[in-house]
Amino acid sequence: MKTIISKPSTTSYEKAGELIREGKLVAFPTETVYGIGANAMDSQAVKSIFKVKGRPVDNPLIVHICEKGDVFKYAKNISEDANILMDKFWPGPLTIVLEKKELVPDTITAGLGTVAIRMPENEVALNIIRHAGVPVAAPSANISGKPSPTNAAHVIEDLDGKVDMIIDGGCCDIGLESTVIDLTSDTPTILRPGKITKKILSEYVSINDYNADEVAGVPKSPGMKYRHYSPSAKIILYSGNKNKIIEKINQDVQEYFFKGQRVGAIIEKEYYDAVKCRYKYDIGSCENEDEVAKNLFKILRQLDEDNIEVAFITSLSDRHIGSATMNRLLKASSQVIEIN
Ligand code: TXA
Ligand code: MG
C-alpha cells in the first residue's frame, strides 16, 4: 500500500475524512502522541487497526470525538463526576471510561461493557475528526509494544505502507499518552497516569488510588498488563542517591563496554557532563518535568536507531507529569536497581 504523507491543510483534512469514512486508516497527531484513526462505528475498520498494530484483541481502543456533547451518543449513566471532569478538562489529555451504549461495536471495547472516550485539543486531530464526521477510534500509532510515536518520523518508521495516510503535524506537545480515568464505579479510578495527575483531578472529584494492575487477574484497563514502551535496547534504571548513581553509571558504562556491548546513558541536563559515555542522551532538566516527559519516547526510539544494546538511566523527578513519565519508564525497563 502506498501511504499518503501530508502536512495539515484543508485539502488533507478532506482527504483524511474521506478515507476514514471509507473504512481506511489515517495516522494523525494529538497533543499527547500520534494516533492511528479509523471510523469507530465500522467494525471492519477497527479490526484493521488491531491487525496493523499487532495489538492483542482484548485491549480496547479510545473513541475520539470533536464535540463534548457527542459523549452522550456513545455512553450512558454519565455521573456528576464525569460531567465535572469533561467540563474542566475537555478538550484535553483526559480519557474517560464510561458505560457504553449498545451502538458502540464490541471490537472497540474488546467486549467490555464500558467505552473510553476522549476529546483531544490538538487542532489537527479535531479537524480530522470533524471532517470524518464520525467518531474516531485511535490507539497510539506504533507497532504494539514499541514506544508511542511523538513525531511523524516515528509513525513513518512503524506504519509506512501499512496505513492509507499519515498527517505530519510536527512534534506532540506532551509526548505521553492521556490520563485514563474510570468513572463507572463509585469513586473515580486512574487506570493510566498522564499529564492530568491525580493531584490535579483531586481538586475536582475524589479519586481512588491508581490500580491498573487489578485484583484477581482482571485488569480494569487491559492495556496496562502488556509489556510496553520497550525499545530493543535493555534499559537499566537506577533509583536512589543521584551522585552515587552517576558514579555507578560511569562504572557500568566501562564494564559493559569492555564486554563488547554498545552502551548508552540517558541523563538529565544537570548531570550530563558528569557521565562519560560515547552515546549520551540529554532527557532535559530535572527542574522541567514537561520537557523530560516530551523527550522520553523520542530517546527510547533513538536508542534503537543507534543500535544501543544496553542503556542506563536514573529515576526522574515525579511531582507532576513526572509520575506518568516514571510509569512509562518502569514499564520500559528490564531492571530497576536501588542505589543508596
Ligand atoms: O493519548 C492517548 O490516549 C492516545 C492518543 C492517540 O489519543 N491514545 C492511546 O491509545 O494511548 P492506546 O490504545 O494506545 O491506549 C488506550 C488505553 C489502553 O491502556 C486501553 O487498555 C485503555 O486505554 N482502555 C481503552 N478502553 C478502555 C475501557 N473500556 N476500559 C478500560 N481501559 C480502556
Ligand atoms: Mg498505546
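This is a predicted model: local features need pLDDT of at least 70, side-chain atom pairs count only at pLDDT 80 or more; totals for chains, interfaces and linings use all residues.
Strand β13, residues 263-268, pairs with strand β15, residues 310-314, in the parallel sense, and four bridges join the two.

These two strands belong to an open sheet of five strands with parallel pairing, in which the order is β14-β13-β15-β12-β16. Because β14 (279-284) and β16 (335-339) stand at the edges and each has a single partner strand, one side of each is left without a neighbour in the sheet. From one strand to the next, the twist averages 20 degrees.

Two helices can be followed against this sheet. Helix α9, formed by residues 242-258, lies across β12 (234-240), β13, β15 and β16, and runs at about 175 degrees to β15. Helix α11, formed by residues 322-332, also packs on the sheet, where it touches β12, β15 and β16, its direction making about 130 degrees with that of β12.

The cysteines are a separate matter. A disulfide is a covalent bond between the sulfur atoms of two cysteines, and with a cut-off of 2.5 Å between those atoms the count comes to zero disulfides. Cys66 is in no disulfide, the nearest cysteine sulfur, that of Cys172, being 19 Å away; with 11% relative accessibility, Cys66 counts as buried. Cys171 has 53% relative accessibility and so counts as exposed.

Key
Residues are numbered from 1 along each chain as its sequence is written. Chains are lettered from A and ligands numbered from 1 in the order in which they are written. Side-chain values use heavy atoms; hydrogens and water are left out. Buried means under 20% relative accessible area, exposed over 50%, partly exposed in between (1.4 Å probe, protein chains only). Two strands pair if DSSP finds at least two bridges between them. Axes are lines fitted to C-alpha atoms, for helices over the stretch in contact, and angles run from 0 to 180 degrees between N-to-C directions. Contact means heavy atoms within 4.5 Å.
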